[in-house]
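Subject: Structure handover

Hello,

Please find the structure below. My notes on it follow.

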2 protein chains.
Amino acid sequence: MRNIKLIISYNGANYCGWQIQPGEITIQEKVEDALSKTFHEEIKTVAAGRTDAGVHALGQVVNFYAESDIDIGNLPKVINFNLPEDISIIGAEYVEDDFSARYCAKSKTYKYIVYNHRYRNAVYGSHTYQYPFPVEVDIMKEASKLLIGEKDFKSFMGRKAVVKDSIRTIYEIDIIRNGDFIEFTFYGKSFLKNMIRIMVGTLLEIGRGKLTTDDLKNVLEEKDRSIAGPTAGANGLYLVEVHY
Amino acid sequence: MRNIKLIISYNGANYCGWQIQPGEITIQEKVEDALSKTFHEEIKTVAAGRTDAGVHALGQVVNFYAESDIDIGNLPKVINFNLPEDISIIGAEYVEDDFSARYCAKSKTYKYIVYNHRYRNAVYGSHTYQYPFPVEVDIMKEASKLLIGEKDFKSFMGRKAVVKDSIRTIYEIDIIRNGDFIEFTFYGKSFLKNMIRIMVGTLLEIGRGKLTTDDLKNVLEEKDRSIAGPTAGANGLYLVEVHY
């Protein structure tokens, strides 16, 4: 048995997220089907991040064990032949037997792209989240500093999350305006379900002037989801890179 | 009758181009249907550029005449309500009676985005043209200077083009690499059918080393489509702006 690591990119628009769910079309199912066809054996994968419905990935990482020998250099092309156009394997390598895409991940980079315009974006509609109100990037940047470090992010946890421990560590947040687009980058150890989307939703309210930096302090202290901002749409979120 | 100018953005992936064709789904048809619904009268539009199947627009311009009075400030929102998600009106204004989106256009800016990677792009597949071979941007930039100015672009004209005069003027070409993406910008008076896609296809061959700058000189002089490079895919092309 060889342990193989893949880097996967996908457009999440047409999928019910990464993780296999009965009766739903998921990316994991498509990838495992393609791998099983490629290797002529049943393959099960472990992924670094279980992205939600509509969320995209530029560098999702999975690993799996296979008995068959294979030309690893040509593997992405062969698997892609069995995958739909909106999923693409962009890297493959043999790894140590004990490598786990999930448990060995040290940190992750996500980005979130906002289309800050009053009318919808026809070209990048499923790739960006539209926010129609004027926002000040500098004010959001200043406020975002409060989110850096090891904190209890309970206020930024989706209600369906099942973890007990809501303490997480964020190393870096970057926010850049590029014309009508605002790009947020989050670099952290790991993230709670919906955490980035709720942080973005809250920062946008601050950038718009509906909430203040002091309100954000309060949101963190109160550990209460209901006083944070709304959950920004899944269509703006990208899993960029998993660091090992 | 009032003459109204609209700025339109669309993702061309699901359309057989701008211009109405019997039996095909076109952007013009969708826009005219939405306008006719909005104004409760039959509306016919004139567009600045008749983009081909699969080509996108960030700033297509049309004009049309309507009898009904309308709140122009709210017009994009109202029309968008009657349009599919991949077409969006992003500007509207009253213009002089003799304004024609097509005949008053002084120049146009297009961009072309190449995804320069050996594996397909799952996220931006319909937004970028994949070119799997390594290319040198500096060599393409140097060669592109030969295309600047008033020239006979007969070698760069799609075979289905019906114009007699193939002399066109290009003011500026810019080529920038951004990671795995190469973005070409073309600013010119007007362009022949498929001209930009053939120029990009030819420049990529030069960047890859299959053709030389001298070959490009020859292509221009010979006025022969068959010696230019291939036509790069429609999915990488964007009509960015029409200048009046």
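Overall dimensions

Chain A has 244 residues, for which a compact globule would have a radius of gyration near 18 Å; the value for chain A is 19 Å, which agrees. The radius is taken over C-alpha atoms, and the globule rule is 2.2 Å times the number of residues to the power 0.38.

Before the rest, the conventions. This is a predicted model, in which local features need pLDDT of at least 70 and side-chain atom pairs count only at pLDDT 80 or more, while totals for chains, interfaces and linings use all residues. Residues are numbered from 1 along each chain as its sequence is written, and chains are lettered from A and ligands numbered from 1 in the order in which they are written.

Along the principal axes, the C-alpha atoms of chain A fill a box of roughly 60 × 40 × 30 Å. Chain A has five helices and ten strands; these are DSSP runs numbered from the N terminus, helices being H or I with at least four residues and strands E with at least two. Of the 244 residues in chain A, 40% are buried. Buried means that 20 or more other C-beta atoms lie within 10 Å of the residue's own, with C-beta atoms placed from the backbone (12 or fewer is exposed, and in between is partly exposed). Among contacts in chain A between residues at least 6 apart in sequence, 71% join residues at least 24 apart. A contact requires C-beta atoms, placed from the backbone, within 7 Å.

Domains and chain contact

Chain A divides into domain 1 (2-95) and domain 2 (107-243), with bounds from an automatic or database domain assignment. Their centres, taken over C-alpha atoms, are 27 Å apart. In chain A, 15 residues of domain 1 are in contact with ten residues of domain 2. On the domain 1 side, seven of these residues are nonpolar, seven polar and one charged. Ala, Val, Leu, Ile, Met, Phe, Trp, Tyr, Cys and Pro count as nonpolar, Asp, Glu, Lys and Arg as charged, and the others, Gly among them, as polar.

The contact between the chains takes 19 residues from chain A and 19 from chain B. On the chain A side, β1 (2-10), β3 (56-66), α2 (75-81) and β4 (87-95) each supply at least two residues, and β4(A) gives the largest share, four residues. By class, that side has nine nonpolar, seven polar and three charged residues.

Helix α3 of chain A

The buried residues of α3(A), residues 137-144, are A:M140, A:A143 and A:S144. They lie on the same side of α3(A), because they cover an arc of only 100° around the axis, judged by the directions from the helix axis to the C-beta atoms. Their cover includes β8 (167-178), α4 (195-208) and α5 (213-222) of chain A.

Strands of chain B

Seven of the nine residues of β1(B), residues 2-10, are buried, so the strand is largely enclosed by the rest of the structure. β1(B) runs antiparallel to β3(B), residues 56-66, and eight bridges join the two; pairing of strands requires at least two DSSP bridges between them. In β3(B), B:A66 is the bridge partner of B:R2. β1(B) also pairs with β4(B), residues 87-95, in the antiparallel sense over eight bridges, and there B:I4 stands opposite B:Y94.

β9(B), residues 181-188, has a covered face of B:I182, B:F184, B:F186 and B:G188.

Regards

How values were computed. Two residues are in contact if their C-beta atoms, placed from the backbone, lie within 7 Å.
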